[in-house]
Amino acid sequence: MSNLVVVGFNDPADAFAMRVALAKMQAQYLIEMADAVVVTRDAEGAVQLHQAVNLVGASAIGGAVWGSLLGLLFLNPLLGAAVGAGWGAMSGKLADIGINDKFMKDLSATLTPGSAALFVLVRKSTPDKVLDGLKAFAGKGRVLQTSLTKDSEHELRQLLESA
């Protein structure tokens, strides 16, 4: 079962830095994330999602490759690539994997302008080692929402919210 953790930050750079730290821990097999998204709210109050994976770009590239291959069959690879890229970009735009975009936008609308939140969907982790890896963020964030157990949530709050 996956767990959702949402951490708010006054400085968007801290949210991006924590996502990088979590990605490094994932490379060390200390955590397995299904999704990690930084959501920023600019000075005017506009909310922007910063996905770790750009589905539109990746889908467009994949569509172009498959379109080219199909185009070769019909002796028009350029047309096939163009149609494939368009189809791939459209399917990537409509795809929503991981954390629901509407949920992230709704929760982020409560952030103060100029701040950010990190949404992380965790499949598996080694909690004690992950908390050790996040010590650099002590006092920089606050837990906004989580589906962790009470004990795990308390440990995370204690680490992030203590100065």
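**Reading strands, helices and cores**

Q: What makes strands β1 and β4 a pair?
A: Strand β1 (residues 3–9) is joined to β4 by 7 bridges, and the two run antiparallel. Two strands pair if DSSP finds at least two bridges between them, so β1 and β4 qualify. In β4, Phe 119 is the bridge partner of Val 6.

Q: What kind of model is this, and how are its values taken?
A: This is a predicted model, in which local features need pLDDT of at least 70 and side-chain atom pairs count only at pLDDT 80 or more, while totals for chains, interfaces and linings use all residues. Residues are numbered from 1 along each chain as its sequence is written, and side-chain values use heavy atoms, leaving out hydrogens and water.

Q: What makes β4 a strand, and how much of β4 is buried?
A: Strands are DSSP runs of E with at least two residues, and helices are runs of H or I with at least four, numbered from the N terminus. Strand β4 covers residues 116–125. In β4, 7 of the 10 residues are buried.

Q: Why is the pair of Phe 103 and Phe 119 called edge-to-face?
A: The structure holds 1 aromatic pair. The rings of Phe 103 and Phe 119 are 6.1 Å apart centre to centre, with 85° between the planes. Rings of Phe, Tyr and Trp (its six-membered ring) pair if their centres lie within 6.5 Å; planes under 30 degrees apart count as stacked, over 60 as edge-to-face, the rest as tilted. The pair therefore counts as edge-to-face. Phe 103 sits in helix α4 (residues 101–108) and Phe 119 in strand β4, 16 residues apart.

Q: How do you know that the span of α1 is close to the expected one?
A: The expected span is 1.5 Å times one less than the number of residues. Helix α1 (residues 12–27) has 16 residues, and 22 Å is expected. Helix α1 reaches 23 Å from its first C-alpha to its last.

Q: Why are the buried residues of α1 said to line one face?
A: Asp 14, Ala 15, Met 18, Arg 19, Ala 21, Leu 22 and Met 25 are buried in α1. Seen down the axis, they fall within an arc of 160°, so they line one face of the helix. The arc is that of the directions from the helix axis to the C-beta atoms. On the other side, Lys 24 and Ala 27 are exposed.

Q: What makes a nonpolar core, and which residues have the most contacts inside the largest one?
A: A nonpolar core is a set of buried Ala, Val, Leu, Ile, Met, Phe, Trp, Tyr and Cys residues joined through side-chain atoms within 4.5 Å. The largest has 25 residues, and Met 18, Leu 22, Leu 118 and Leu 134 have the most contacts inside it. The largest share, 5 residues, comes from α1.

Methods
Buried < 20%, exposed > 50% of the residue type's maximum accessible area, 1.4 Å probe, protein only.
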